[in-house]
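Hi,

Here is the structure I promised to pass on. Have a look at it first, and my notes come after.

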Amino acid sequence: MIQAIDQRIGVFICRCGGDIANNIDIEAIASSVRSEAGVVHCTIHDFLCSKSTRDIISRTIKDEQLDRVVVSACSPRLYLQDFQDAVVNGGLDKCMLEMANVREQCSWVHWEDKELQTVKAEDMTLMAVAKLRNQFPSDKGNVAIVNKVRCTGCGVCEAVCNVNAIKVVEDPESEGKRKATVNPKACEGCGACVSACPTAAMDQTCFSNAQMVAEIETALRNSRDESTFPNIIVFSCHHCSYAAADLAGLKRMGNDVHFRAIRTMCSARVDPEWVLKALSSGADGVLVLAGSPGRCHYETGNLRTRKRMTLLKIVLQQLGFDEDRFLIEFVDEEQPEKYRTTIEEYVQKIRELGPNPIVPAERPEQKRYEIPGLKL
């Protein structure tokens, strides 16, 4: 059993020469983060991306014996590799880093209301902390993994894998029963197999189910408060809609602040259970933004998303949800205008629809347990 109190998380917040600090109260963010269980270090810096400051991160990891690092700064599409190098130089696995994109996707697009902007940046940073709490070291990078205890050898994962990284074969450790096996050198980490698995036997070393659920719960932790309406969760594909969001920030294309984005490597990784989790936890709406058909970085991921989410929409209607509580749209990386318009129109639609009638139940503090048979 691993609890947050046993972890040593370091959080580094960037002023970015005023690009962040001029619009967001980063002292308020630091104050909130310091009260989080497991956070033992939190400091504010002018330019985290500079070599000298990255060296400070490396030294702090060693001096403070940190086991996880959150960087609240710019987009992971820009300096993720540099910050990963910094944590590796500090003695950690590169997977033990998480970034909160408070510049491109907060400071540069929500400047009209500093208070709400600060609340969102705080949420984004706390979401990164929550995600990182459920991260474990892995020298394989971001790849699919199999829980052999749960695996029934059905072959669904093998069928959806676009790069032939999964094979269902007889497993000597399982008395010769057929089990899925992942070739980590071939796996591209899209996560399509994980969301397709009918027995929850598949997961990922990064972007795991536990991590994504932790982000959802953190984003919606204040959904009972009427002043936060509307509470919208947006799942963004790293290579398509997330890139478009970054470009919208670069072009200073302001949009509504009432949504929280959760990044996935591919829209095919979005599990229908996450949508149900978000709605049952108080989300007023859930938006999945995939790349256009034919434009997927993983070739067919968005096609699988479209099929799965179309069926999910029918299920949600049968459960009594208004059909507008959930929406899937397609936005490519060079379409920041479409990204902004899609967000604005959906937020307005939810405003007109009103709050989610489901009142989320109080949740006891959760504990992390190791899953038997799951090897990272």
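Below is what I found, going from the whole chain down to single residues.

A word on the ground rules: this is a predicted model, so local features need pLDDT of at least 70 and side-chain atom pairs count only at pLDDT 80 or more, while totals for chains, interfaces and linings use all residues. Residues are numbered from 1 along each chain as its sequence is written, and side-chain values use heavy atoms, with hydrogens and water left out.

The big picture

The protein has 12 helices and 12 strands (DSSP runs numbered from the N terminus: H or I of at least four residues for helices, E of at least two for strands). Its C-alpha trace spans about 60 × 50 × 40 Å along the principal axes. The radius of gyration is 20 Å, which agrees with the value near 21 Å that a compact globule of 376 residues would have (taken over C-alpha atoms; the rule is 2.2 Å times the number of residues to the power 0.38).

Of the 376 residues, 55% count as buried. Buried means under 20% relative accessible area, exposed means over 50%, and partly exposed is in between, with a 1.4 Å probe and protein chains only. The accessible surface comes to about 16500 Å², and 49% of that belongs to carbon and sulfur atoms (Shrake-Rupley with a 1.4 Å probe; for residues, only the protein chains shown count as cover). Among contacts with a separation of 6 or more, 80% are between residues 24 or more positions apart; a contact means heavy atoms within 4.5 Å.

A buried strand residue

V71 sits in strand β3 (residues 68–73) and counts as buried because its relative accessible area is 1%. Leaving out residues up to four places away in sequence, V71 touches F12, L48, I57, F83, L97, E98, M99 and A100.

Salt bridges

There are 16 salt bridges in the structure, each being a side-chain nitrogen of Lys or Arg within 4 Å of a carboxyl oxygen of Asp or Glu.

- R221 pairs with E122 at 3.5 Å, N to O. R221 is in the loop between α8 (209–219) and β9 (232–237) and E122 is in helix α5 (residues 114–133), so the bridge ties together parts 99 residues apart in sequence. R221 is partly exposed at 33% relative accessibility, whereas E122 is buried at 19%.
- D171 pairs with K148, with the closest N and O atoms 3.7 Å apart. Both partners are in loops, D171 between β6 (166–170) and β7 (178–182) and K148 between β5 (144–146) and α6 (156–160), 23 residues apart. D171 is buried at 8%, and K148 is partly exposed at 24%.
- K277 pairs with E217 at 2.9 Å, N to O. K277 belongs to helix α10 (residues 272–280) and E217 to helix α8, so this pair ties together parts 60 residues apart in sequence. E217 is buried at 12%.

Shared partners also join E122, D123, R221 and R260 into one salt-bridge network.

A nonpolar patch

L276, V315 and L319 make a nonpolar surface patch of about 240 Å². Patch residues have over 30% relative accessible area and no salt bridge; like charges are joined within 9 Å, and nonpolar side chains (Val, Leu, Ile, Met, Phe, Trp, Tyr) within 5 Å. L319 lies in the loop between α11 (301–318) and β12 (326–330) and is exposed, with a relative accessible area of 55%.

Cheers
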